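Visitor: I would like to learn how to read a protein model step by step. Could you please guide me through this one?

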Amino acid sequence: MLDGFLAYLGAQVGRSLYVWGAQGETDITERWIRTRESSEANVQRVLRLWKTLKEQGVSPIAAYDCSGLIMHYLKDMTGFFKSDMTAAGLCRACVPISRGALQRGDLLFRDNGTKVHHVGIYMGDGTAVEAEGRDVGVTRRALDAGGAEYWNRYGRLPLPGAPVAEALKEAYFAVCSGGSVYLRRGPGAETQKLGTVHRGDKLLALPAEDGWCEVAAMQKNGIARGYMAERYVKRETMKNGE
């Protein structure tokens, strides 16, 4: 499935539109675009690219938004997922990994400190495919083309052929070494607080990047994923036989 997914993504580059809420539709009209977009300015941006692609002889032309590009293949075409998911939902469905562990097919996310709002796919060669925007549609470009902080969360879906076990090898058991430490949505003290982790609480952690560890911690409503400052994440030493 992984190879098919990547081949499908590559085939959308340079021949597809970005339309809000779209998920692979090809029966595109100006009226349909207007029902999807929230402003006349956005309608005109989509129409310009649509006209350009038609003049280039592209057919069929498909439309996606960022999560729709992924869900069209993994839900509509293959049935891997049974229901639709947003970028945030896809992030929750992933095994979290560090940037240094990226492999082909891994998902890339943008988290603004309040929510995950955009998703792309790492192609394995230093490039990413994404439904980038209304002016350019689906693109493939260098991982840092949008800036070093453009992508700031990373995950791996349990797709057939994806090395999920390798992602888990990075994770380690830890405990909170601080008295009461905020679990935050993103890697930074300015990001939203998700809860509080107390001294001695068990954690599942990924290696730190820039002083922050992504962790899974038990909260009142179940297990929550977030970030903690590295200095409060103490690797747990396992006793013999454990």
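Guide: The protein chain contains six helices and 16 strands, where helices (H or I, at least four residues) and strands (E, at least two) are DSSP runs, numbered from the N terminus. This is a predicted model, in which local features need pLDDT of at least 70 and side-chain atom pairs count only at pLDDT 80 or more, while totals for chains, interfaces and linings use all residues. Residues are numbered from 1 along each chain as its sequence is written, and side-chain values use heavy atoms, with hydrogens and water left out.

Visitor: What share of the residues of the protein chain count as buried?

Guide: Buried means under 20% relative accessible area, with a 1.4 Å probe and protein chains only; here 49% of the 242 residues count as buried.

Visitor: How do I read the order of strands in an open sheet of three strands?

Guide: Two strands pair if DSSP finds at least two bridges between them, and in this open sheet the order is β1-β3-β2, with mixed pairing. The edge strands, β1 (16–18) and β2 (23–25), each pair on one side only.

Visitor: Which strand is joined to β2, and by how many bridges?

Guide: Strand β3 (residues 62–64) is joined to β2 by two bridges, and the two strands run antiparallel; for Gln 23, the bridge partner in β3 is Tyr 64.

Visitor: Which strands does helix α4 lie across?

Guide: Axes are lines fitted to C-alpha atoms, for helices over the stretch in contact (heavy atoms within 4.5 Å), and angles run from 0 to 180 degrees between N-to-C directions. Helix α4 (residues 66–77) lies across β1, β2 and β3, and runs at about 80° to β2.

Terms used:
Buried < 20%, exposed > 50% of the residue type's maximum accessible area, 1.4 Å probe, protein only.
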